[in-house]
Amino acid sequence: MAHGNSITRGVGASDVTTTSYPPVLQGLLNAAQPGLWSVVRKGTDGIDTDQLTPLFASEVQPFKNTGGARNVVVIHEGMNDIRHGATTQEAIDHMLDYCAQARGLGWEVWICTGCPQQFTAPVMSAQAAYNAYVREHWADFGSELVDLAANPALDDPTDTNFYSGDGIHPNDAGYVAIANAVFDVAL
């Protein structure tokens, strides 16, 4: 389950149903391990972690496999919390709450650092602090870290080779970079 904000939904992709990161990830997983993985995308534009947590039961839990297969949620969030006015610590706390709920319901959590985004200096500083905390304490959140913020393809939100030009959302090549980062954790 890919759960999160507009980046999870695929804003900036030429076609969210085929070139955003969840369907690209599905293709990579199918090629490597045919029939073993099924990727579901639940992304909502503008949502933050505090808003996303209460939706877990309705958006993620119905997809839980009770037949013994792994249940993994890949969470990409935190940046909107800060953009909406949360402090770095509040964003961390919101994510810890989300992850605790997911683990409590039997999900394996793969936490992503946030893709760098172009905003005001204070927001970008808070986002960098959030990413640093997640990177250092990822095991408090889940079982795997997908460090998108450290990915050289994604480190400059003004690079239109990987970003759509809005300074926030990746383009098709950026979504391939995200899918590959998650794929590397999966295998």
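**Figure 1. Helix H6 and the negative surface patch.** Helix H6, residues 88-104, contributes the most to the negative patch, with three residues. The patch is made up of Asp50, Glu90, Asp93 and Asp97, and aspartate 97 is found in helix H6. Helices (H or I, at least four residues) and strands (E, at least two) are DSSP runs, numbered from the N terminus. Patch residues have over 30% relative accessible area and no salt bridge; like charges are joined within 9 Å, and nonpolar side chains (Val, Leu, Ile, Met, Phe, Trp, Tyr) within 5 Å. Asp and Glu count as negative and Lys and Arg as positive, while His and the chain ends are not counted. A charge is placed at NZ of Lys, CZ of Arg, CG of Asp or CD of Glu. Areas come from the Shrake-Rupley method with a 1.4 Å probe, and for residues only the protein chains shown count as cover.

The model is predicted: local features need pLDDT of at least 70, side-chain atom pairs count only at pLDDT 80 or more, and totals for chains, interfaces and linings use all residues. Residues are numbered from 1 along each chain as its sequence is written, and side-chain values use heavy atoms, with hydrogens and water left out.

**Figure 2. The largest nonpolar core.** This core has 27 residues, of which Tyr21, Trp110, Val146, Leu148 and Ile178 touch the most other members. At least two residues each are supplied by helix H2 (21-32), strand E3 (72-76), strand E4 (108-112) and helix H8 (172-186). H8 gives the most to the core, with nine residues. A nonpolar core is a set of buried Ala, Val, Leu, Ile, Met, Phe, Trp, Tyr and Cys residues joined through side-chain atoms within 4.5 Å. Buried means under 20% relative accessible area, exposed over 50%, and partly exposed in between (1.4 Å probe, protein chains only).

**Figure 3. The salt bridge of aspartate 45 and arginine 9.** In a salt bridge, a side-chain nitrogen of Lys or Arg is within 4 Å of a carboxyl oxygen of Asp or Glu. The count by this rule is three. Aspartate 45 pairs with arginine 9, and their closest N and O atoms are 2.6 Å apart. Aspartate 45 is in the loop between strand E2 (41-43) and helix H3 (49-52), and arginine 9 is in helix H1 (residues 6-9), so the pair ties together parts 36 residues apart in sequence. Aspartate 45 is partly exposed at 40% relative accessibility, and arginine 9 is partly exposed at 30%.

**Figure 4. The salt bridge of glutamate 108 and arginine 70.** The closest N and O atoms of this pair are 2.7 Å apart. Glutamate 108 belongs to strand E4 and arginine 70 to the loop between helix H4 (56-59) and E3, so the bridge ties together parts 38 residues apart in sequence. Arginine 70 has a relative accessible area of 48% and is partly exposed.

**Figure 5. The salt bridge of arginine 135 and aspartate 147.** Here the closest N and O atoms are 2.6 Å apart. Arginine 135 lies in helix H7 (residues 121-141) and aspartate 147 in the loop between strand E5 (144-146) and H8, so the pair ties together parts twelve residues apart in sequence. Arginine 135 is partly exposed, at 32% relative accessible area, as is aspartate 147, at 22%.

**Figure 6. Serine 143 and valine 72.** Serine 143 sits in the loop between H7 and E5 and is partly exposed, with a relative accessible area of 33%. The C-alpha atoms of serine 143 and valine 72 are separated by 9.6 Å, and the two residues are 71 apart along the chain.
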